[in-house]
Amino acid sequence: MIENTTVTTALIVVGIFVVLLIAVAIYSIAKKRVAKATARAMEAHDTMQKAINQSDRLIVALNLEDDHFYNIHGDMLPPDGETGLPISAITALLHPDYLEEFAAFIEKLRKGETQDATLDYLFNTDYTGGEPKWHQVHTHAVTELNLEGKPSHIILTMTDETEEARFRHMEDEMSEKYEQLLEDSIIGISYYNADGYLIDCNRMMREICEFESRYDPLYFDTCIYDFAQFNINREHVEESWLCIKLEMTKRKLNKYLEVRVHPINDTKGKLKYIAMGVRDISGERDLYLQSKQNSLQIQNANEEIRRYEDQLRYLLENSKMHVWRSSFEDGTVEFLSDLHHPVAKMSVEEFAGKLQTAERKMLITIISQSIEEKENYMSRTFTRPFLNLLTQDDKVHWYNISNIPSYDKDGRQTGYFGLIRDITQLIDEQEQLKHETERANDSDRMKSVFLANMTHEIRTPLNAIVGFSDLLTAIDSPEEKSEMLRIIRNNCDMLLRLINDFLAISSIESNGLSITPKDIDFAKEFNDICQSLSQRVTEPVQFITENPYTTLLTTLDRGRIAQVITNFVTNAVKFTQQGHIKVGYEIRDNGLYIYCEDTGAGIPEDKQEKIFERFVKLNEYIQGTGLGLNICKSIAQRCGGQIGVHSEGLGQGSTFWIWVPCEIREKA
């Protein structure tokens, strides 16, 4: 029993010792762990303290027992805050708008409703009582519990975010502005992700595409690559600009768009987004088409105006017309070849000074007054002569002038406008027509006289021929018969000349006088003509011929030249009672100059030009038709020559001459 007790005691002692050893070991291990934990805690504390020192955060603690704030790190509290400041001193520095929110924030932590909370508010950092300096403060608060598990302190980490808030505010404002600019842009803008689905778009894009709502499923659920009109390559989106016609039957869209596609890539060049700018150019296209149509119409109108102006210019040029206009303001008159090209400009006084009538003063008054005041002066079309108005030839030109009043946009008359036409030729033609009418009347009268004379002229030689022919049978004396035969022959020649003159005049009036040149020896032909004519000249008048050549080979119409010489000599015989009649010729100026000189009655100077006109007779009592010299003039003109007469006057004789061009081949 004792042994058992001893054993039991020994076991107990051993057990206690073992327990002690274990306790010592545990203590030693715990001590080491505590030491390590303390070291780690100190190290963490030091690290945290360094981090706090390096940060710009301020830490204060609110002791819930005395309701005082204490600075733990930084100087957020006023200078005397190290001894603690009552909560009322801190709330006095808060912006009034945050007092209730701050009080609720502290109360919530104080009651333990939460152990972690944050609050943003404005805090005044000016402790002097001057102008408040509000700072944006972000506070993160945690509660510290006592051994009973109740909040004993509130630790507040305070971060001054004034600058950050200012920058955020600026960024927000800038973002709002850019967003507003984007939204209010006059160009439709939309953004798509890399898969081609719409992310967002502005108001103009929604209006162009006629969205039914802000996030219209038709557009947000449709891939941009599936729109054939945009023709965007899914594999390789490129910067592009295109014009398309957007047609969507579902929305009844039919618009013309100008589209700009801009891919947005990341730093590695991979497509991130697609930006698209769209502008509705349907209205512009309609305006362009309308403008094109208007331009075409204007072009056609201008072409029509140009053709009209060309026609007007042609009419003005070919009708010798000009446009004229006057101005009341500067007192000028301007003349234009058409509506745009002036040819002369002068004052009203200069214009009136060129008028060749005594109406200059009245013309100045007319052009310088309004239409109402001028009605009493002249009609709207008048014809007057002017000198050096549109021409500088020192000749008087007649102008027909029409005028209408011209007005400004206010309806006030500013001058006159009209056409001025040079009608000088018309006036001259009227004068010539008047003269020709008078000549025709004279010609009719002279023809009547001529017909009356012709009856007498033809009857005279016929009576002589018939009478003396009857007497031939009753006369036996040879001398008397010879004289009667001479008289009959002369009257036959006279009758033949009359008939030849009638035939020549008839030929001139119908087909023109015919000229048939032939190669002749004019010297021989001249002698033959003169030999025949010499028988018509009787005493006491002497007949003289001057033929300077024995041979003169040339080309002439022998019959017409003989007709001229015969008429010259016949007229000379009629008007020459004494003296001589001389016929001759000479070579002059590459032609023949033939003359007939007499010492007869002569011709007054004022009648020398008329002597070659038809039916003109200086002495009505002298036998003749008044056609011979006119026929000679026609022959000279047909041969390309000239004809004329020299006479010193009555009683001084006359020299009739004709010059005809011809080629002289041989003379001797």
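Begin the tour by selecting E303, which is partly exposed at a relative accessible area of 32%; partly exposed lies between buried (under 20%) and exposed (over 50%), with a 1.4 Å probe and protein chains only. The structure is a predicted model, in which local features need pLDDT of at least 70 and side-chain atom pairs count only at pLDDT 80 or more, whereas totals for chains, interfaces and linings use all residues. Residues are numbered from 1 along each chain as its sequence is written, and side-chain values use heavy atoms, with hydrogens and water left out.

**Helix α7**

R307 and E303 form a salt bridge, their closest N and O atoms being 3.8 Å apart; the term denotes a side-chain nitrogen of Lys or Arg within 4 Å of a carboxyl oxygen of Asp or Glu. Both residues belong to helix α7 (residues 282–318) and are 4 residues apart, about one turn of the helix. Helices (H or I, at least four residues) and strands (E, at least two) are DSSP runs numbered from the N terminus. R307 is partly exposed as well, with a relative accessible area of 36%.

**The whole chain**

Now zoom out. The protein chain contains 15 helices and 26 strands. Of its 668 residues, 35% count as buried. Among the contacts (heavy atoms within 4.5 Å) with a separation of 6 or more, 52% are between residues 24 or more positions apart. The chain exposes about 41500 Å², of which carbon and sulfur atoms supply 53%; accessible areas come from the Shrake-Rupley method with a 1.4 Å probe, and for residues only the protein chains shown count as cover.

**Further salt bridges**

A search of the whole structure finds 23 salt bridges. Side chains of opposite charge can pair when their charged atoms come close. Select R203 and E207 next: their closest N and O atoms are 2.8 Å apart in a salt bridge. This pair lies in helix α5 (residues 203–209), again 4 residues apart, about one turn of the helix. R203 has a relative accessible area of 29% and is partly exposed; E207, at 43%, is partly exposed too.

Move to E284 and R279, whose side chains meet in a salt bridge with an N to O distance of 2.3 Å. E284 counts as partly exposed at 41% relative accessibility, and R279 is partly exposed at 26%. Then select D67, E107, R110 and K111, which are linked in a network of salt bridges.

**Surface patches**

Which residues form the negative surface patch? Select E171, D172, E173, E176 and E179 to display it. Patches are made of residues with over 30% relative accessible area and no salt bridge, with like charges joined within 9 Å and nonpolar side chains (Val, Leu, Ile, Met, Phe, Trp, Tyr) joined within 5 Å. Lys and Arg count as positive and Asp and Glu as negative, while His and the chain ends are not counted; the place of a charge is taken as NZ of Lys, CZ of Arg, CG of Asp or CD of Glu. E173 is in helix α4 (residues 162–184) and is partly exposed, with a relative accessible area of 36%.

For a nonpolar patch, select I12, I16 and L20, which together make about 290 Å² of surface. I16 is found in helix α1 (residues 2–54) and is partly exposed at a relative accessible area of 47%.

**Helix α15**

Is helix α15 mostly covered or mostly uncovered? It is mostly covered, 8 of the 11 residues in the helix (628–638) being buried. The buried residues are G628, L629, N630, I631, C632, S634, I635 and A636. Following α15 is G640, with a positive phi near 80°.

**Backbone features**

Most residues other than glycine have a negative phi, and most peptide bonds are trans. Select E539 and P540: a cis peptide bond joins them, with omega about 5°. P540 sits in the loop between α13 (522–533) and β20 (542–546).

Proceed to E210, which is not a glycine but has a positive phi of about 55°. E210 lies in the loop between α5 and α6 (217–220) and counts as partly exposed at 36% relative accessibility.

Finish at D589, also not a glycine, with a positive phi of about 55°. D589 is placed in the loop between β22 (580–587) and β23 (591–598). At 62% relative accessibility, D589 counts as exposed.
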